[in-house]
Amino acid sequence: MKKIMLLIACFFFLQSYGQTPAYGFRVRTITAGITPTGLSDTASLVRAIQFLADAKKEFIRQGYAVQTLRVSTANLCGWLGSHSLDEALEYLEGWDRIARRNGVIISIGQVLAPDKEQAGIGDWAIRLVRRTKTISFSLPISSHELGIHMHSIKAAAEIIRSLSTVDNGEANFRFTAGANCPANIPFFPVAFHEGGPSFAIGLESANLVTEAFAHSDVSTARAVMKELFEKNLRPVQALGEKLAAGSGWKYDGIDVSTAPGLDASIGKAVETYTHRAFGDPGTLGACALITDVLKGLDIKKCGYSGLMLPVIEDPVLAKRAEEGRYTVEELLLFSSVSGTGLDVVPIPGDTPDSVIQGLLTDVAALSLKYTAKALSARLFLIPGKKAGDRVSFVNPALTGTVVMPVR
């Protein structure tokens, strides 16, 4: 099982980093969204894959490095038909085989309706991640319509606990609890689709932030970053609009979130602005500035479109966590002026369910303080590890660090 996971992880990692970016950023994902008519409707997946293949060719022809191709579906709970989640697994294995053959990954969205629980949902999640290799999924833990979804929070905590038993906790990479998240976010695992066929673009653009701050000071940083982003993103937008024209696929826009990578650190960008270590005084202000600029970009935006702080996907964030520069609770504080919540945060394997539910409740509550505050929580319970223990990962896109304490 671990060997298979390693091979798949390496495949996507090499696909992601095998191209040198010519523009100071990479296209992290081109994500096509579909609404299947049912579990047997793999034809819709095949059509999406063909569109994505054509789109990638055009992006590469224009000199862009494209990391991944993704397909997000309508929320699984809405297209199960008369089937149960257990019965859906065999069908999803078929979707997974098609995805693997074509080098794409899939998000099936929310597997339970808002504020619902289901007995054995944790065991079901284990079977899903063991029987498939490319499928991500989520649960919704808040919405402005229903408020905080306490039943969903309980179910999400059960899934997080259950997935911690698979591949040393790395299976939680494929699950998140989404808080007040809209449809058509291109980033996984929170992505789900609504409407007719459409697509969106997500970027790995942390290096653009660093470049802007390296050529500005506190009085000019905002203007310099805005100008640099709009200069680089307008051609991406034009290409997206060109691909949409006459294709039958609507262009949803760019999720301008500053997704980091192993050679593109948002932690480094923040430190370039503050001249201090990430987590030190000034970090919150830098997070707010970056988010304000992203929200104000004069391009068609979608998704989170905010600052991302994924602890173990960013080498500087991982290093500062190891140094004890910031806490899980401070990540929530930073999320109050940015996003996307608590993302790939390693916490002790024996963290009580009540504490996990508390963290999810905090994320849910924070998401409802603003009209369009999209957050999520992707927690890595590390089995057998306590706070301060060193942890490393099989997935080559993840950076080793220490397990973070949770008070």
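The predicted model holds 12 aromatic pairs, a pair being two rings of Phe, Tyr or Trp (its six-membered ring) whose centres lie within 6.5 Å. Planes under 30 degrees apart count as stacked, over 60 as edge-to-face and the rest as tilted. Phenylalanine 51 and tryptophan 249 form a stacked pair, with 4.9 Å from centre to centre and 15° between the planes. This pair links distant parts of the chain: phenylalanine 51 belongs to helix α2 (residues 42–61), tryptophan 249 to the loop between α7 and β8 (250–255), and the two are 198 residues apart. Helices (H or I, at least four residues) and strands (E, at least two) are DSSP runs, numbered from the N terminus. Both phenylalanine 51 and tryptophan 249 are buried; buried means under 20% relative accessible area, exposed over 50% and partly exposed in between, with a 1.4 Å probe and protein chains only. Phe51 and Trp249 also belong to one aromatic cluster with Phe199 and Tyr251.

Phenylalanine 213 and tyrosine 273 form a tilted pair, 5.0 Å centre to centre with 45° between the planes. Phenylalanine 213 is in helix α6 and tyrosine 273 in helix α8 (residues 266–274), 60 residues apart. Both phenylalanine 213 and tyrosine 273 are buried.

Two arginines lie over aromatic rings, where a charge sits over a ring if NZ of Lys or CZ of Arg is within 6 Å of the ring centre and within 35 degrees of the ring normal. Arginine 70 lies over the face of phenylalanine 188, 5.1 Å from the ring centre. For arginine 378, the charged end sits over the ring of phenylalanine 173, at 4.7 Å from its centre.

Numbering runs from 1 along each chain as its sequence is written. In this predicted model, local features need pLDDT of at least 70 and side-chain atom pairs count only at pLDDT 80 or more, while totals for chains, interfaces and linings use all residues; side-chain values use heavy atoms, with hydrogens and water left out.

Asparagine 75 lies in the loop between β2 (66–73) and α3 (85–102). Asparagine 75 counts as buried because its relative accessibility is 15%. Its side chain reaches the backbone nitrogen of glutamine 110 at 2.8 Å. Residues up to four places away in sequence aside, asparagine 75 touches Ile108, Gly109, Gln110, Phe192 and His193, contact meaning heavy atoms within 4.5 Å.

Serine 216 is found in the loop between α6 (206–214) and α7 (221–244). The side chain of serine 216 reaches the backbone oxygen of alanine 212 at 2.8 Å. Beyond neighbours within four places in sequence, serine 216 is in contact with Ala221 and Val224.

Lining residues have an atom within 4 Å of a point. Grid points are joined across faces, edges and corners, and a volume is the space filled by probe spheres set on the points. The largest pocket has a volume of about 360 Å³. Its lining comprises 23 residues, of which Ser143, Asn180, Cys181, Pro182 and Phe192 are the closest to its centre. Strand β4 (residues 135–143) gives the most to this lining, with 3 residues.

The whole structure contains 3 cavities of 30 Å³ or more. The second largest cavity holds about 40 Å³ of space, and its lining includes Ser72, His193 and Phe199.

Note on methods: A polar contact is a pair of N or O atoms within 3.5 Å; within protein, one must be able to donate a hydrogen and the other to accept it, and residues adjacent in sequence count only if both atoms are side-chain atoms. On a 1 Å grid over the protein atoms alone, a cavity is a set of points where a 1.4 Å probe fits but cannot get out, and a pocket is an open set with protein on both sides within 12 Å along at least five of seven lines; lining residues have an atom within 4 Å of a point.
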